[in-house]
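Subject: Structure handover

Hello,

Here is the structure I said I would pass on. My notes on it follow below.

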Amino acid sequence: MNKATRKTVIAGNWKMNKTPAEGAELLTSMIPLVKDADCDVIACVPFVDLYAAQEATKGTNIKIGAENCHWAESGAFTGEISAQMLSAMGIEYVIIGHSERRQYFGETDVTVNKRVKAALKAGLTVILCVGEYLEQREQGVTAEVCAMQTKIALGGVTAEEMERIIIAYEPVWAIGTGLTATADQADEVCGIIRDVIAGLYNAEVAEATTIQYGGSMNDGNAEELLSKVNVDGGLIGGASLVAEKFAKIVSAASK
Ligand code: PGA
């Protein structure tokens, strides 16, 4: 394993937080703190915040992403936003399959796959989330669950398109709970996911794919998590809403 061959990516997931003005303020305070980052820095923000976030970060190293997109290009899907709409406004990244979408909005592996393909077709880079529930971990099926989610989500995705896939391993029991997977647990499952990618494509694609850990990653635990060979970054919820905390995680990833 050679971590140096992959991009380290720290992405914030703001979830349903911040108005456009509040978001712009947060980003403005982050800009000087992360300007020397030696990793990719992304803020994934609510749809209505996208424009203000782009404006606030113009000319900086912070890239802006959305938190979801629909699989159709357009049509009768009240309340949804298409991948084309995002790319038309210059958005480069989109989170797909977050466990909160799966849990509260009926997202399935099949709809995650449809959204992944639509996002890739529109030219976006996808942050694809996979992860097990606590019961599944306790039943010893973490590897199977994460492998299945990864395989179904990537159905029909080519090796070339894998250059625009980032995977976020997010154990559901660690999200927003303050419970973090240990660095070894995170490394183990990120490694399992990498093996799945090697099986689906080849070792070269697996080695090149950025696999993040997410779930209560913060300024205190980031360095240890990110030191692991298979952990190539983080998807950060709560700590991404505080400029100093997010910046410390970015610094830990830049070492
Ligand atoms: P958390 O969220 O950092 O608040 O646990 C992570 C996520 O849901 O992406």
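How do helix 1 and helix 2 lie relative to each other, roughly parallel or roughly antiparallel? Please keep in mind while reading that the model is predicted.

Helix 1 covers residues 20-34 and helix 2 covers residues 50-57. Their axes cross at roughly 25 degrees and come within 9 Å. Angles under 35 degrees count as roughly parallel, and helix 1 and helix 2 are therefore roughly parallel to each other. The crossing of these two helices is right-handed. On the side of helix 1, the contact is made by Pro20, Ala24, Leu27, Thr28 and Ile31; on the side of helix 2, Ala52, Ala53, Ala56 and Thr57 take part. By class, this contact has seven nonpolar residues, two polar ones and no charged ones.

Asp109, Val110, Val112, Asn113 and Val116 of helix 5 meet Met148, Gln149, Ile152 and Ala153 of helix 7. Six nonpolar, two polar and one charged residues make up the contact of helix 5 with helix 7.

Helix 7 also holds Thr142. Is Thr142 buried or exposed? Residues under 20% relative accessible area count as buried; Thr142 has 8%, so Thr142 is buried. Leaving aside residues up to four places away in sequence, Thr142 touches Glu132, Gln136, Arg137, Tyr169 and Val189.

Next, helix 11, which runs over residues 243-253. Its buried residues include Ala243, Phe246, Ala247 and Ile249, and Val250, Ala252 and Ala253 are buried as well. What do the buried residues of helix 11 pack against? Their partners are strand 1 (9-13), strand 2 (40-44) and strand 8 (233-236), together with helix 1 and helix 10 (222-226).

Last, the aromatic rings. The structure holds two aromatic pairs. One of them is Tyr104 with Phe105, an edge-to-face pair. The ring centres of Tyr104 and Phe105 are 6.5 Å apart, with 90 degrees between the planes. Tyr104 and Phe105 are both exposed.

Regards

Conventions:
Residues numbered from 1 in each chain as written. Predicted model: local features only at pLDDT ≥ 70, side-chain atom pairs only at ≥ 80, totals over all residues. Heavy atoms only, no water. Contact = heavy atoms within 4.5 Å. Helix = DSSP H or I, 4+ residues; strand = E, 2+ residues; numbered from the N terminus. Nonpolar A, V, L, I, M, F, W, Y, C, P; charged D, E, K, R; others polar. Phe/Tyr/Trp six-rings, centres within 6.5 Å; stacked < 30°, edge-to-face > 60°. Buried < 20%, exposed > 50% of the residue type's maximum accessible area, 1.4 Å probe, protein only. Axes fitted to C-alpha atoms, helices over the stretch in contact; angles between N-to-C directions. Parallel < 35°, antiparallel > 145°, perpendicular 65-115°, else oblique. Left-handed = near helix turned anticlockwise from the far one by under 90°.
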